[in-house]
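Take a walk through this structure, one feature at a time. Keep the 3D view open as you read.

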Amino acid sequence: MTLSASPPSREETRAQIALRLGIALVLLVAAFMKAHQLATTPSLGEGLLHARWFNIAVIVFELFFGVWLIYGFHRKITWVASVLLFSLFASVSAFRFFSGEKSCGCFGTVEIPPLGTATFDAAVVALLFLFRPVSERNEQPSVSNLASFAFSWLVLSVPVVGVLLFSNFARVDASGAVVGHGRIVVLEPEQWIGKPCPILRHFVTSQNISQGKYRILLFRDQCEKCHAVLSDWRNLPPSEGWETVLINVSASAPPETLEIPNDWSTGELSRRYTWAVATPVILHVDGGVVQFVKKDF
């Protein structure tokens with residue numbers, strides 16, 4: 001497959017061509033990085049901006065518009081659409097910034113501060129106004145060009161959407177057995193209350209958590225909220241009759257800088273799987289049964 005830009009008319013300057021193709025590159029890179037995140041992460045969070053179906057739709061649109069920009073059809077209409085699109089991007093990034101989110105979510109797992117992307121999007125809008133097209137003469141695309149565009153877009157979109165729709169994620173059943181063929185295991189702690197903790201068999205720890213009372217923190221070593229919870233816990237008086245256990249969900253060992261009181265235990269989840277759960281998660285387990293779950297911080 002070959003993506004080739006349409007020959008520019010006399011009114012399209014080199015700066016306009018560079019801006020158009022630069023925007024196309026940003027959109028295509030963002031689409032593929034979002035697709036990679038969706039293919040490896042079963043849940044991005046709660047709300048419309050994190051919904052899986054919504055992000056798949058965004059990916060398809062970014063691929064469509066990115067390829068459209070490469071072909072360079074209808075410059076004035078495309079210019080208006082670009083201004084509206086990046087104004088919307090800037091607004092969403094600003095919303096994420098004022099909501100306290102750490103990443104804009106624009107480039108998948110690569111965390112970029114929302115304020116940075118809002119500034120970038122606003123700069124793109126400013127550049128679009130600076131290099132605004134003057135006329136649209138001789139820009140009616142031929143049928144063959146439209147067919148080539150459609151083919152290019154479908155070749156990019158169909159495999160991506162197919163992978164996202166058929167991504168396999170496993171889960172744990174009531175007995176703790178992993179059900180499914182995917183290596184990524186989705187954990188849903190809020191459904192465990194009043195039931196035997198299904199992931200005890202996957203804990204790698206010196207403690208026998210199926211007996212006794214345990215206050216468990218599922219954490220990741222790079223999770224800022226997890227470290228905040230740990231800091232708060234260290235300032236709390238000991239819970240009478242309850243032991244504290246820290247379980248690392250990530251594949252890496254806890255960092256040496258992590259300060260853990262001597263009476264706390266540590267462990268990890270089996271590295272055989274990749275565990276999909278938003279950390280931190282607090283569990284109170286009594287005799288192997290989950291009594292309390294807290295995951296919203």
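Arg 271 has a relative accessibility of 44%, so it counts as partly exposed. In this predicted model, Arg 271 pairs with Glu 268 in a salt bridge, and their closest N and O atoms are 3.1 Å apart. Glu 268 is buried, at a relative accessible area of 18%. The cut-off for buried is under 20%.

How many salt bridges does the whole structure hold? The search finds four. Another of them joins the side chains of Lys 34 and Glu 62, at 2.9 Å from N to O. Lys 34 sits in helix α1 and Glu 62 in helix α2 (residues 52–71), so this pair ties together parts 28 residues apart in sequence. Both Lys 34 and Glu 62 are buried.

Next, look at Glu 188 and Arg 171. Their salt bridge has its closest N and O atoms 3.9 Å apart. Glu 188 is in the loop between β3 (184–186) and β4 (203–205), while Arg 171 is in strand β1 (residues 170–172). The two are 17 residues apart, and the pair links distant parts of the chain. Glu 188 is partly exposed at 26% relative accessibility. Arg 171 is partly exposed too, at 39%.

Helices α1 (14–40) and α3 each give two or more residues to its lining. That lining has 13 residues; Gln 16, Arg 20, Arg 75, Trp 79 and Leu 128 lie nearest the centre. Seven lining residues are nonpolar, three polar and three charged.

Finish at the surface. Phe 97, Phe 98 and Leu 115 make a nonpolar patch of about 350 Å². Phe 98 belongs to helix α3 (residues 75–98). Its relative accessibility is 70%, so Phe 98 counts as exposed.

Technical notes. Residues are numbered from 1 along each chain as its sequence is written. This is a predicted model: local features need pLDDT of at least 70, side-chain atom pairs count only at pLDDT 80 or more; totals for chains, interfaces and linings use all residues. Side-chain values use heavy atoms; hydrogens and water are left out. Patches are made of residues with over 30% relative accessible area and no salt bridge: like charges are joined within 9 Å, nonpolar side chains (Val, Leu, Ile, Met, Phe, Trp, Tyr) within 5 Å. Accessible areas come from the Shrake-Rupley method with a 1.4 Å probe; for residues, only the protein chains shown count as cover. Helices (H or I, at least four residues) and strands (E, at least two) are DSSP runs, numbered from the N terminus. Buried means under 20% relative accessible area, exposed over 50%, partly exposed in between (1.4 Å probe, protein chains only). On a 1 Å grid over the protein atoms alone, a cavity is a set of points where a 1.4 Å probe fits but cannot get out, and a pocket is an open set with protein on both sides within 12 Å along at least five of seven lines; lining residues have an atom within 4 Å of a point. Ala, Val, Leu, Ile, Met, Phe, Trp, Tyr, Cys and Pro count as nonpolar, Asp, Glu, Lys and Arg as charged, and the others, Gly among them, as polar.
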